[in-house]
Amino acid sequence: MSTFLFDKTVFGPVKSRRLGVSLGINLLPTNSKVCTFDCIYCECGWTDKGSNVGVLPTREDVISKLEGVLTERSQKNLPIDAITFAGNGEPTMHPAFVEIVEDTLKLRQRLFPGARISILSNATLVHKPRIFHVLQKVDDNILKLDSGIEATIKKINCPLGNFNLDTLIESLKKFQGNLTIQSMFIKGEYDGYKVDNTTDEEISAWLSAIKEIDPKRIMVYTIARETAAEGIEAVSKDELEQIAEKARSLGIEVLVSS
């Protein structure tokens, strides 16, 4: 499939479906995807499990490049709505993730105080105290939960290493509502089995998990680009709205993009 990798450490800004004019920060290599998941729908392709996965940018390099872009855009009065940690995999895997986020918060305050700091994460490392605490400092910690059924997560997200859904939910509950849940809904077929996390059973289990976590916001979306696996299909806007309405009945704000 025609997937892509971000070829810069600081990229964009891009017009995000959910975050507006967003300047991206990629803490992973520019030539391979590094992640704790291997999602079948990932626009960056498959996670590189080899030994030559590329080089992580240093803390100094990230902040130097970010400061340069922010300074230029500030001087030219060009808008930025968000500074978003995303890129080629799971940003919290970077060994200096905490320090880089704290550096970014200081830079934002000095050069672009109106911009929000956002982090897109699959939530697999939020059980680590330092990561948990720094996520509490940003404006939008956006954490993934694509299903309330562990077997489905293992089919769709393909965790690399140990994964337990109950443990993840307990970790997310510790945010006490100070988080956004991001959920991808898809249909199709992969590796000989049906993929569909929009069934009544799936939505019931997802809503149950959402109720436990009680996030301040949910982002419901579907694929918009090529995916790692073939045979993956987008969910219609109407279906997403139906799912969103069920979540809104819990008293939670839900944003829909397709």
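Predicted model: local features only at pLDDT ≥ 70, side-chain atom pairs only at ≥ 80, totals over all residues.
Which residues of H6 are buried? Residues are numbered from 1 along each chain as its sequence is written, and side-chain values use heavy atoms, with hydrogens and water left out.

Helices (H or I, at least four residues) and strands (E, at least two) are DSSP runs, numbered from the N terminus. Helix H6 covers residues 200-213, and its 14 residues reach 20 Å from the first C-alpha to the last, close to the 20 Å expected at 1.5 Å a residue; that expected span is 1.5 Å times one less than the number of residues. The buried residues of H6 are Glu202, Ile203, Ala205, Trp206, Leu207, Ala209, Ile210 and Ile213, where buried means under 20% relative accessible area, exposed over 50%, and partly exposed in between, with a 1.4 Å probe and protein chains only. These buried residues pack against helix H4 (150-156), helix H5 (165-173), strand S6 (180-184), S8, strand S9 (217-221) and helix H7 (237-248), with contact taken as heavy atoms within 4.5 Å. Just after H6, Asp214 takes a positive phi of about 55 degrees.

Of these neighbours, H5 can be followed in detail. The axes of H5 and H6 come within 8 Å and cross at roughly 35 degrees; axes are lines fitted to C-alpha atoms, for helices over the stretch in contact, and angles run from 0 to 180 degrees between N-to-C directions. On the H5 side the contact is made by Ile169, Glu170, Leu172 and Lys173, and on the H6 side by Ala209, Glu212 and Ile213. The residues of this contact divide into four nonpolar, no polar and three charged, where Ala, Val, Leu, Ile, Met, Phe, Trp, Tyr, Cys and Pro count as nonpolar, Asp, Glu, Lys and Arg as charged, and the others, Gly among them, as polar.

The strands come next. Strands of a sheet pair through backbone hydrogen bonds, either parallel or antiparallel, and two strands are said to pair here if DSSP finds at least two bridges between them. Eight strands form an open sheet in the order S1-S2-S3-S4-S5-S6-S9-S11, with mixed pairing. Strand S1 (10-16) and strand S11 (253-256) stand at the edges, each with a single partner strand, so one side of each is left without a neighbour in the sheet. From one strand to the next, the twist averages 25 degrees.

Within this sheet, S1 and S2 run antiparallel and are joined by five bridges, with Ser16 standing opposite Gly20 in S2. S1 also holds Pro13, which is joined to Gly12 by a cis peptide bond with omega of about 10 degrees. Six of the seven residues of strand S2 (residues 20-26) are buried, so this strand is largely enclosed by the rest of the structure. S2 also pairs with S3, in the parallel sense and over five bridges, and Asn26 has Ala86 in S3 as its bridge partner. Further along, strand S4 (residues 116-121) and strand S5 (residues 140-144) pair in the parallel sense over four bridges, among them one in which Ile119 has Asn141 of S5 as its partner.

A second open sheet has three strands in the order S8-S7-S10, with antiparallel pairing. Its edge strands are S8 (193-196) and S10 (232-234), each pairing on one side only, and its twist averages 15 degrees from one strand to the next. Strand S7 (residues 186-190) and S10 pair over three bridges, and Ile186 has Ala234 in S10 as its bridge partner.

Some loop residues complete the picture. Glu90 lies in the loop between strand S3 (82-86) and helix H2 (97-111) and is buried, with a relative accessible area of 2%. Not counting residues up to four places away in sequence, Glu90 touches Leu28, Val34, Cys35, Thr36, Ser121 and Asn122. Ala123, in the loop between S4 and helix H3 (129-135), has a positive phi of about 75 degrees although it is not a glycine, and at 1% relative accessibility Ala123 counts as buried.
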